[in-house]
Amino acid sequence: MYVGTLSFDLLLGDVRSLKEKRSVVRPIVAELHRKYAVSVAEVGDQDLHRRARIGLAVVSGDTGHLTDVMDRCERLVAARPEVELLSVRRRLHGDED
C-alpha cells in the first residue's frame, strides 16, 4: 500500500474577504474530490483572505497510478486562472515508512 500527499500553497487573485475566498477554494476542493476520488481539504491559512493551503491524500497499491493521480491533481490546480500556485509539496509513503 502506498499513500501520496500533496500540499498546495495558493495565492488567490482579486479576493477581498474570507467569504470571497471560500467561493474560490470550495470549487477547487470539490472538483479534485469529484474528478479524482481523493481526500482533499483546506488545511491552512484559513484566516488569510488571499492565501490558501490545500492538502490532498491518495491511497493506491501501485506507485505508478499514485503518481499519475497526483500529477493530474497538480495540473488541475495549476491551470485554475483565479489562483497562482506558489508551491507544491509532494510526499510518497510506503509500507516500509
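The side chains of D9 and R51 make a polar contact at 2.7 Å. Keep in mind that this is a predicted model. D9 is in strand β1, which covers residues 2-12, and with a relative accessible area of 7% it counts as buried, because the cut-off for buried is under 20%.

**Around D9**
- Setting aside neighbours within four places in sequence, D9 is in contact with D45, R51, A52, R53, E84, L85, L86 and S87.
- R51, the polar partner of D9, also turns up among the residues that K21 touches.
- D45 and A52 are likewise among the contacts of D9, and both are among those of K21.

- K21 sits in helix α1, which runs over residues 18-36.
- Its relative accessibility is 2%, so K21 is classed as buried.
- A polar atom of the K21 side chain lies 2.4 Å from the backbone oxygen of D45.
- Not counting residues up to four places away in sequence, K21 touches L12, V15, E42, D45, Q46, L48, H49, R51 and A52.

**How α1 packs on α2**
- Helix α2 spans residues 63-78, and α1 packs against it at an angle of about 150° with the axes 11 Å apart.
- That angle is over the 145 degree cut-off, so the two helices count as roughly antiparallel.
- The crossing of α1 past α2 is right-handed.
- From α1, the contact draws on I28, E31, L32, K35 and Y36, while α2 brings V69, R72, C73, L76 and V77.
- By residue type, this contact of α1 with α2 has seven nonpolar residues, three charged ones and no polar ones.

**R26, also on α1**
- R26 belongs to helix α1 as well, but here the relative accessibility is 59%, so R26 is exposed.
- Along the chain R26 and E42 are 16 residues apart, and their C-alpha atoms are 8.4 Å apart in space.
- E42 is also one of the residues that K21 touches.

**Loop between β2 and β3**
- D45 is in the loop between β2 and β3, and its phi is near 60°, a positive value in a residue that isn't glycine.
- The relative accessible area of R50 is 37%, so R50 is partly exposed.
- Leaving out residues up to four places away in sequence, R50 touches L10, L11, L12, G13 and V15.
- R50 and L32 are 18 residues apart along the chain, and 20 Å separates their C-alpha atoms.
- L32 is one of the α1 residues in the contact with α2.

**Loop between α1 and β2**
- A37 is in the loop between α1 and β2.
- Its phi is positive, about 50°, even though A37 is not a glycine.
- At 68% relative accessibility, A37 counts as exposed, because the cut-off is over 50%.

Note on methods
Residues numbered from 1 in each chain as written. Predicted model: local features only at pLDDT ≥ 70, side-chain atom pairs only at ≥ 80, totals over all residues. Heavy atoms only, no water. Helix = DSSP H or I, 4+ residues; strand = E, 2+ residues; numbered from the N terminus. Buried < 20%, exposed > 50% of the residue type's maximum accessible area, 1.4 Å probe, protein only. Polar contact = N/O pair within 3.5 Å; in protein donor to acceptor, adjacent residues only side chain to side chain. Contact = heavy atoms within 4.5 Å. Axes fitted to C-alpha atoms, helices over the stretch in contact; angles between N-to-C directions. Parallel < 35°, antiparallel > 145°, perpendicular 65-115°, else oblique. Left-handed = near helix turned anticlockwise from the far one by under 90°. Nonpolar A, V, L, I, M, F, W, Y, C, P; charged D, E, K, R; others polar.
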